[in-house]
Amino acid sequence: MASDVQGWLDSPAGNFGWILVGDEARNSTARRFSSREGAQPPTLQIDFTPTGDVFACCFTDGSCTVTDTTSCSDQGGTSNTGTSSCEPNICPQPVGACCNLDESCSNAVDRLTCEIAGGAFQGGGSSCSQGSVDCGLTPFVDPLPVPPVLQPVGTRPDGVPQYNVEVLTAKQNLHSELPDTDVWTYNGAYPSFTIEAMRDAPIEVTYINSLPARGNRGGHILDVDECAHGPNYYSDSARIVTHLHGGHLPARFDGHPELTILPGETDVYEYPNNQDAATLWYHDHALGITRLNVYAGMAGFYLLRDTEDTGDAGNAFGLPSGEYEIPVVIQDREFNPDGSLFYNPTIQNAFKGDRIVVNGKVWPFLNVEQGKYRLRLLNGSQSREYSLRLENLADPSQVIPFHLIGTDLGLIDAPIALDDISIMSPAERFDVIVDFEPFAPGTEIVLRNGELTPPRIPNVLKFVVTDEEGFTGALPASLRPVPPLNSENVPTRYFRLRRVNAACSNEPTRIIGEWLVESLDGPGGTVTGKQWDDIREFPILGTREIWEFENPTNSVHPMHVHLVKFQVLDKTDITSGDPVPLEPWEINTWKDTVRVPPNSRVRIIMDFEDYLGKFAYHCHILDHEDHEMMRQFQAMNNPALCDNDGSCEAGEDCASCPGDCGQTSGALCGNGLCEAGDGENCATCAQDCAGKQTGSADKQFCCGFDDGEVTNSIACGADINDNRCIDSGDELFCRVSERVAACCGDALCEGGETSASCALDCDATCPREPEGPPQGAACTDGIDNDCDGLIDTGDPDCTDSDADGLSDVYETNILGTDPYVKDTDGDGLADGNDGVVPVGAIAGGVDANGDGFIDGEQTLGTDALQADTDGDRLNDGVEVANGSDPTDENSWPALADGDCAPKDDPDGEVNTGDVVVGVRMALGIVTATALELAHCDLYPENNPDGVFNIPDLLLLMQRALTPP
């Protein structure tokens, strides 16, 4: 250690801080102290015992050291020859003002007591009233803002409400003692307006990027480290894309990190809301700058209701509602003296601010009535975890419980009383009820944070109880059952979470820590993928999977999987193999984010349903997410649905049916991005790659792919000192690597896809095949599958009356050969195919002479146009072949009961052909002759009563299935 410390003194640039690894029984814990960060970096103190006669030496500031009397005197101290130890500190302590951890000030506190509690001693004799004593911002002086509910701006013709969410710059006061802060907001407010929606009632949201269009299409409010994936080719442009966290929705509306829009651009999303009521939230998800956009203020609540959890008084569960239901987003921030936001200009391991902001205010307070409140708690921080408890300032030892009623994605079986919320990771939500009824007016209860990672911040929010009576309804005994997912014989995917040193793509001499989530080929196996563009996971819709995350690092990783809701199966200590107890909110609950502790292994189980395409999964420590700890999976159809007919149809996609559904470059000429990795240059895509094109011809240049055929070309990334190919002034950017291919069939029209190459994705008039969805198509995908202006449950073509997985429209065509053609006459055969028989039928064949057979397909007939001269619905050629007289009924051979001659070879057998004829008789499509009734009218047996009905048909089917 001594040599290390000396090395730090000799070479300060090599002092990266130190790590303390604890041995706590609960979970392995690591704390990292960065000695080069922050306004007051921590210092390392080393106590040692010198040789010779040494004694405790006391100084006027109360500090103590062990040294000889001469050295003590030379340093202005007083030697205590009665002891040679400073443990405990025997020196007299000065008394003065102490700036506490929560930035409050206390008088007459001795130095040692102040510092042990984490405070900053202001000097002997100091007082809080002195002007020189500044402990920071006064806690609990501003009321808690409650975000208002966003109102729709219109209604679509199909009744879907329409909302506008505009990204704007704004100035907002985050504490009354701070200057106003510049923030980036949704609709001018941080946090944004709350969107409320009902289950199965879609809404449309138009996102508008109205950030300032200056320089490089906006420039960022914070410093952008171009080492990160995204800024390394988009520079510091003001890109945005919004993700509805926890939303179950099509890939096109999931907020894919690469589908960003620049200032002046808009995008329209549709949220189907086909999931349980839950506390969702929407936030920015732009590739490589998510941490900056969210930190700048781009986040808001999205509360999904249903017919039971309505949010209204009198709801089915008797939960607090209206003014007694409050969304609470907890975030940490750090401010510059002018009130502006501070964030590290370069990618950090995990940023943590020094103040907590709740609903856009630093340490606010809330007046509460004597009753129950429903608090929807959200950890919206970059990387900070919280350990929350409620403290009565008048009785700090009193336990005030949280009653947990819901987690990330909905209500739980029954309320759970928690003394505290021991740990809450970024993006997790806790739906809790707190009861203030027992407390006297004037009682002050503080929501405390006991998590110890520096800088420590104990204060979150203060509640002040008034003398008004509030909501006093009883806690519900039960809520919403959460059926456990059966894990037997469920396949597992394996992942490893790692940190490596890597060179920046645009600054190769700079080595920086990079976080990865690696795909493995088995438990503890070989890495098969680790980068954003490495797509290795292809879950099939309608299947269940287990994902196992192995975390050998000393950092926690809250892992979030888009599209799905999941349950936590178990956690295991990697080192010992012992199980790690699950938290109460992780047992049989619906989650979308799971805390993966250091040196642990976590398994989650989930179903993949409804939506195709590329979805992200990542660590929700935003600094990790932005520097490579984010991957994507491709949800696809079952390959068994592929018919290999050369046409990409509903139920098929490029992953499940590559022969029918092709892939093309994900690059798109005209998007302001010179995608050199996909072959773009000034010749193939001038609008993206032509550079400034100023001056004489010999000074013009061409960016992009160097194919050797253009003049004065510059290959993107060939010279890191030449930034002409990233021309922010002309809104041009460059991507060196190849973009992920666009996939036909994933309901996302992107890159080189067109209506001609992939009508299924890109034909805006009709994104699916006409005349109704085929077997296997999702009727809850938010798409107008048959172009009739109706979607999802409002579309009769999606109705499945008997719940057999086939739409009613499809079932009417079940005997036809074309599932997209309707059966207008109700005879069980698709139009244009009436007369087709199951055996030997030709698709699209015609029954020209009306004899009940497709022409040329009579089983025994020889002439397709031979008539039925005796009207017995037997082709004359069949009768001749049987040696009978077509005009003489008595000459026909004897038939077995149930052998319905008009549609079958009269061979004395009962088979499926007879059943087909029976169906036509029962439907009244054909008129039976006496002989037909004698053999087909079986109820009662051999009683030709002249009626062929359902009982006859059932007996006929039974006889066909069980011949004698």
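The disulfide of Cys682 and Cys702 is left-handed, because the torsion about its S-S bond is about -110°. In this predicted model, the two sulfur atoms lie 2.1 Å apart. Cys682 sits in the loop between β41 and α7, and Cys702 in strand β42 (residues 702–704), so the pair ties together parts that are 20 residues apart in sequence. Cys682 is partly exposed, at 22% relative accessibility. Cys702 is buried, at 1%.

A disulfide also joins Cys669 to Cys685, with an S to S distance of 1.9 Å. This link is right-handed, with 100° about the S-S bond. Cys669 lies in the loop between β40 (663–664) and β41 (673–675), and Cys685 in the loop between β41 and α7 (686–689). The pair thus ties together parts 16 residues apart in sequence. Cys669 is partly exposed, with a relative accessible area of 33%. Cys685 is buried, at 1%.

Cys64 and Cys86 form another disulfide, S to S 2.0 Å. Its S-S torsion is about -75°, so this bond is left-handed. The pair links distant parts of the chain: Cys64 in strand β4 (residues 64–67) and Cys86 in the loop between β5 (78–80) and β6, 22 residues apart. Both cysteines are buried. The disulfide count comes to 15.

Strands β6 and β7 run antiparallel and are joined by four bridges. Gly96 has Val109 in β7 as its bridge partner. The hairpin has five residues between the strands, and Glu103 takes a positive phi near 70°. Asn100 lies in the loop between β6 (95–99) and β7 (105–110). Asn100 is partly exposed, with a relative accessible area of 23%. Its contacts beyond four places in sequence are Cys105, Ser106 and Gly119. Asn100 and Cys135 are 35 residues apart in sequence but 7.6 Å apart in space, C-alpha to C-alpha.

Note on methods. Residues are numbered from 1 along each chain as its sequence is written. This is a predicted model: local features need pLDDT of at least 70, side-chain atom pairs count only at pLDDT 80 or more; totals for chains, interfaces and linings use all residues. Side-chain values use heavy atoms; hydrogens and water are left out. Helices (H or I, at least four residues) and strands (E, at least two) are DSSP runs, numbered from the N terminus. Buried means under 20% relative accessible area, exposed over 50%, partly exposed in between (1.4 Å probe, protein chains only). Contact means heavy atoms within 4.5 Å. Two strands pair if DSSP finds at least two bridges between them. A disulfide is a pair of cysteine sulfur atoms within 2.5 Å.
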